[in-house]
Amino acid sequence: MDEHELEERFQELLDKYKGEPGALIPLLQGAQAIFGYLPQEVMARVAEAAGEPLSQALGVATFYSQFRLKPHARHTIRCCHGTACHVSGATLISQEIEKHLGIKAGENTPDMFFTVEEVHCVGACGMAPVVMIDDRAYGKLTPDKAVAAVKAFREQKEVQEAGGNSGAALVAASERGDR
Amino acid sequence: MSGSRPALVRPAPLRQRVLQPEVEIRVCLGTGGVAAGSREVLRAFEEGLAKQGVFAVVRPREGGADGRCACVTGTGCQGLCAMDPLVEVHLRRSGNATEVTYGQVTPAMVEEIISRHILGGEVIDKWIVKTDEHATEYDPFFERQEKLALRHVGVIDPEDIDDYLEADGYQALYKVLSSLTPDEVIDEITRSGLRGRGGAGFPTGLKWRFAADAKSPDGVKYFICNGDEGDPGAFMDCSVLEGDPHAVFEGMAIGAYAIGATTGYLYVRAEYPLAIRRLKIAMKAAEERGLIGDNIMGSDFSFHLKLKEGAGAFVCGEETALMQSIEGNRGMPRLRPPFPAESGLWGRPTNINNVETLAVVPWIILNGAEAFAARGYEKSKGTKVFALAGKVKRTGLAEVPMGMTLREVIFGIGGGMKGNKAFKAVQMGGPSGGCLPESLLDLPVDYETINQTGAIVGSGGMIVIDQDNCIVDTARYFLSFTQQESCGKCPPCRIGTKRMLEILERICAGEGTLADLDFLENIASQVKLGSLCGLGTTAPNPVLTAIKYFRDEFEEHVVEKKCRAGVCPALTTYLIDVVKCTGCTACARVCPVQAIRGERKEPHVIDQELCIKCGACFEKCRFDAVRRS
């Protein structure tokens, strides 16, 4: 998506919430969905649209764990550290994924393909330990299986992003009904 | 009042079922099912059935096919997550209906299920989880349950409003709007004995009464559903939202009618993308059918519903923080009173209920308060959904009458311990709850009884831990959670949880003293007393119960510098048994710090200086040669 298109979508978002009370959080969420994170100038325009000072927007953005003030890679690996996952070995799984990618939680891979995060519970406790890659959850993992899932995801996406049909079809099918 | 009512339109499915397919496949598409690969399984059924050419693969409400038909539907969570992906196969043949549930289905198994079972009529016993034909080892999981809140979850297609309408959906709202006054609704809920399922267990009818009686300066009141299920290890609300979204809307509309609100907010965690997606689909459908919006069913009652996505803050599960979040602010709680019923969202009277509470409301209206109150125990009426997770065999969601003992839930429904290891504790109520030992397993699950132990029933998370889990580490885990999630507004919580965490980290690192234990209990009691909101006042519970019931394990860490479970790295040593080691090099390859050396086919050795005690070699070794002590 080019800059012009991003700007158009952002303006649409600002117009949509104009004058609505309590719009700051949905505005920040929408802006982050467009830009991938919240650059300062975006935050300033969000604050203006919501009729709030920039300090309020920054205060809100730093309070909630969902908001990112730094650029984010194209795909997100969320290692679940909920209770069920913790007692079932989530620490080892995080370690192994971090080792495989050569980064720590909260960091991006140098090619901006993956960001790794640690989260508290994704709601699939019956399948603990769980890792989510984008919106897809992978359960009953071992460190090896987790790394295999990361590798498979990357291969699939790379084929898809290169425009290969089979990969795209596979991904589309696995996300059947999703979004 | 009822005399002046306009005639209402009773809701009904718009698209009736035009055919009864001979084959009906239901695949669990809850978050757990999807994590186990159920989307691929669903697709394999669709493609596999189409490929056979025997059946037309149809949507039962669309029809358009003659001859033999099959349909494949996705449902919400079917409960037994341990065996996901779960697949129900329903066959209707020559007046005979059979139903079989298969577990841990993979796309590769689908072909065999189609050829042998669906076409050949031969049930494949080895994969069966449930059948009418004979008993299975999983029967206790299903038989002991009574599904009221979960009545549609895992049964209907949550993305099809007609499925819900066909299952008596929105009939409770119709009954309320056509024949009950707001007072009568509140009385019904009060008599049912329903208590808030979010954790506090406050009587729902009383809560509605307060909000109904409150005067609003401009007549505006709000009705909020709290779907910010933040307890790490609990997924009841997630499953209800994913599996039966309309039941929650219906419960909200009934509650809004009772208290006189016309605007509702459904606040849902951002970490539940599937639930959010299904809620959006459901909300659009309900609005299109006139079940949410102006003049519902032709009555003079209007109810507008807005979906609010959380942004990742555990404290927003606290009602005053949640309202701050809806208003677009940092989610920080405030002192009560005033309670939300007097002054809540934007200063107006507001009622907040949890997802599970609201999902059971339509059931109570349709079946009567007495039917609900007939179930349960003393002051805890009805049923409660529990999320069984951790080291229990049959992990999943189970709805049981309140008053069932913990042992019945964990060992009856849950099937006991995974790998037959020794039970150590069950953690109830997440970061606000506590760890209960074996000796308390015969207590009934009831709000008052569990409170006396120092734990709470909470929202229903039950995490079972075994001999391989360290109780001190578990307490440290919860404290690190609450410390991170403390909003920072009040010092007892902000500073107290930090100090407590530091002590626990010291103990886990082998640097704790006996005085630390007393200090820990001392701070814990101050945090409990002095904190502003529920997060702080309950944050010490996991630590206090852990010390109360497992003091010997704490003392072992402090005095003997030993972690019997081998979890705390500083208190654990890994050694390789030279007799058992085959020199396969697997451990050396997996070691992140190259601490393991040895020639191929010769016993290996761990360099204790380099070892970071990550346990990777222990997990990797297939010969039990790596020992942990």
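This is a predicted model: local features need pLDDT of at least 70, side-chain atom pairs count only at pLDDT 80 or more; totals for chains, interfaces and linings use all residues.

1. Overall make-up of chain A. Eight helices and four strands form the secondary structure of chain A. Read from the N terminus, the order of the elements is α-α-α-α-β-α-α-β-β-β-α-α. Chain A has 179 residues, of which 37% are buried. Among the contacts in chain A with a separation of 6 or more, 55% are between residues 24 or more positions apart.

2. A helix pair in chain A. Helix H2 (residues 24–35) of chain A packs against helix H3 (residues 40–50) of chain A at an angle of about 150°, and the two axes are 10 Å apart. H2(A) is therefore roughly antiparallel to H3(A), since an angle over 145 degrees is counted in that class. The crossing of the two helices, H2(A) and H3(A), is right-handed.

3. Residues at that contact. H2(A) contributes A:Leu24, A:Leu27, A:Leu28, A:Ala31 and A:Phe35, while H3(A) contributes A:Val42, A:Val46, A:Ala49 and A:Ala50. Sorted by class, the contact of H2(A) with H3(A) consists of nine nonpolar residues, with no polar and no charged ones. As background, an α-helix has 3.6 residues a turn, so residues three or four places apart point the same way.

4. Domains of chain B. The domain assignment divides chain B into domain 1 (23–134), domain 2 (161–372), domain 3 (376–466), domain 4 (471–560) and domain 5 (573–628). Between the C-alpha centres of domain 1 and domain 5 of chain B the distance is 45 Å.

5. Helix H21 of chain B. Is this helix enclosed or open to the outside? Helix H21 (residues 541–549) of chain B is largely enclosed by the rest of the structure, because eight of its nine residues are buried. The buried residues of H21(B) are B:Asn541, B:Pro542, B:Val543, B:Leu544, B:Thr545, B:Ala546, B:Ile547 and B:Tyr549. Their cover includes strand S16 (434–437) of chain B, together with helices H17 (471–485), H18 (491–508), H19 (514–530), H20 (534–538) and H22 (551–560) of chain B.

6. B:Gly298. This residue is located in the loop that runs between helix H11 (273–288) and strand S9 (304–309) of chain B. The C-alpha atoms of B:Gly298 and B:Arg10 are 9.3 Å apart, although 288 residues separate them along the chain.

Conventions. Residues are numbered from 1 along each chain as its sequence is written. Chains are lettered from A and ligands numbered from 1 in the order in which they are written. A residue is buried if 20 or more other C-beta atoms lie within 10 Å of its own, exposed if 12 or fewer, and partly exposed in between; C-beta atoms are placed from the backbone. Two residues are in contact if their C-beta atoms, placed from the backbone, lie within 7 Å. Axes are lines fitted to C-alpha atoms, for helices over the stretch in contact, and angles run from 0 to 180 degrees between N-to-C directions. Angles under 35 degrees count as roughly parallel, over 145 as roughly antiparallel, 65 to 115 as roughly perpendicular and the rest as oblique. A crossing is left-handed if the near helix is turned anticlockwise from the far one by less than a right angle, and right-handed if clockwise. Ala, Val, Leu, Ile, Met, Phe, Trp, Tyr, Cys and Pro count as nonpolar, Asp, Glu, Lys and Arg as charged, and the others, Gly among them, as polar. Domain bounds come from an automatic or database domain assignment.
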